[in-house]
Amino acid sequence: MNFIKSCEWVYERLGDPSFAVIDCQAVLSTGEGSSLYTEEHIPGAVHFDIGRDLSGPVQKHGGRHPLPDLAVFVDKVGKAGIHQDSTIVLYDGGDAAPAARGWWLFRFIGHEKIYVMDGGLKEWKKNGFPVTKEVPSPKGSHYQPTIKEDMLAGVEEVRSIARGESDVALIDSRSSARYRGEEEPLDRVAGHIPGAVNFPWLDALQDGRYLDPEIQEHRYADLDKKQRVIVYCGSGITATPNIISMLESGFEDVRLYAGSYSDWVSYPEHKVANPGISNQ
């Protein structure tokens, strides 16, 4: 696979000065992650927090987990001792989404040798590899980003799809119940963005590990791999495992609507398909 590495692959490279391990453990429902890292992590790993580092402050628009200020994020990368030519692997507790969000952000700032560890810390421990409480003190560096704007889809492009004016594929990564408007635990109104089709992100995984590309290809059989695809979820985090699985399956142009559904419904004028129960 191009972006997914095994625990064994990671273990073999521990201690290599050109290799960096990033811990993205988090409880998605609360955003808490630092205490999980403090309790145990892979030796040498630095922690990037889903709320403080991989997301920015919530504003009127932009969703529940806006992209972080890139200058702040890049400064954190440099302080973690990461260079442009570092090989980086990210992992989480085993639910795939926090590490995938970090992976997407590193790709967005132009990092090329960036991977996720399949199965996360759960798989790591299952294989008997070591964990520690020791927090490393990396030597800081200056990181020079190259922003890949073509990885990001803006709200105006999504509006054109919702109006039926674009043939770009729009993927909703949330659960089928949320997509159909049958439930909505977080956002203003249940339903989905008009024109979106549903590919729940958890269907890309089995026990926290990515399905083989051949299985993923069958999953996306009705989509054109050469067509641009925009992926969203509730707030731009759980969409990212779908992005990884689509790229592994051979799609060429897969973009993230970072604000996702929580951004979409922050505009009162936006229409929602299958509108369900309102939380306001």
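In this predicted model, four strands make up an open sheet with the order S7-S6-S10-S11, and their pairing is parallel. Strand S7 (196–198) and strand S11 (254–256) are the edge strands, each pairing on one side only. From one strand to the next, the twist averages 35°.

At the S7 end of the sheet, strand S6 (residues 169–172) pairs with S7 in the parallel sense, over three bridges. In general, strands of a sheet pair through backbone hydrogen bonds, either parallel or antiparallel.

H9 lies across S6, strand S10 (229–232) and S11. Relative to S11, H9 runs at about 170°.

H9 (residues 239–248) also packs against helix H4 (residues 97–108), at an angle of about 65° and with the axes 8 Å apart. Angles of 65 to 115 degrees count as roughly perpendicular, and H4 and H9 are therefore roughly perpendicular to each other. Their crossing is left-handed.

Which residues of H4 and H9 meet? From H4 come Ala 97, Ala 100, Arg 101, Trp 103, Trp 104 and Arg 107; from H9 come Thr 240, Pro 241, Ile 243, Ile 244 and Leu 247. Sorted by class, the contact of H4 with H9 holds eight nonpolar residues, one polar residue and two charged residues.

Methods. Residues are numbered from 1 along each chain as its sequence is written. This is a predicted model: local features need pLDDT of at least 70, side-chain atom pairs count only at pLDDT 80 or more; totals for chains, interfaces and linings use all residues. Side-chain values use heavy atoms; hydrogens and water are left out. Axes are lines fitted to C-alpha atoms, for helices over the stretch in contact, and angles run from 0 to 180 degrees between N-to-C directions. Helices (H or I, at least four residues) and strands (E, at least two) are DSSP runs, numbered from the N terminus. Angles under 35 degrees count as roughly parallel, over 145 as roughly antiparallel, 65 to 115 as roughly perpendicular and the rest as oblique. A crossing is left-handed if the near helix is turned anticlockwise from the far one by less than a right angle, and right-handed if clockwise. Contact means heavy atoms within 4.5 Å. Ala, Val, Leu, Ile, Met, Phe, Trp, Tyr, Cys and Pro count as nonpolar, Asp, Glu, Lys and Arg as charged, and the others, Gly among them, as polar. Two strands pair if DSSP finds at least two bridges between them.
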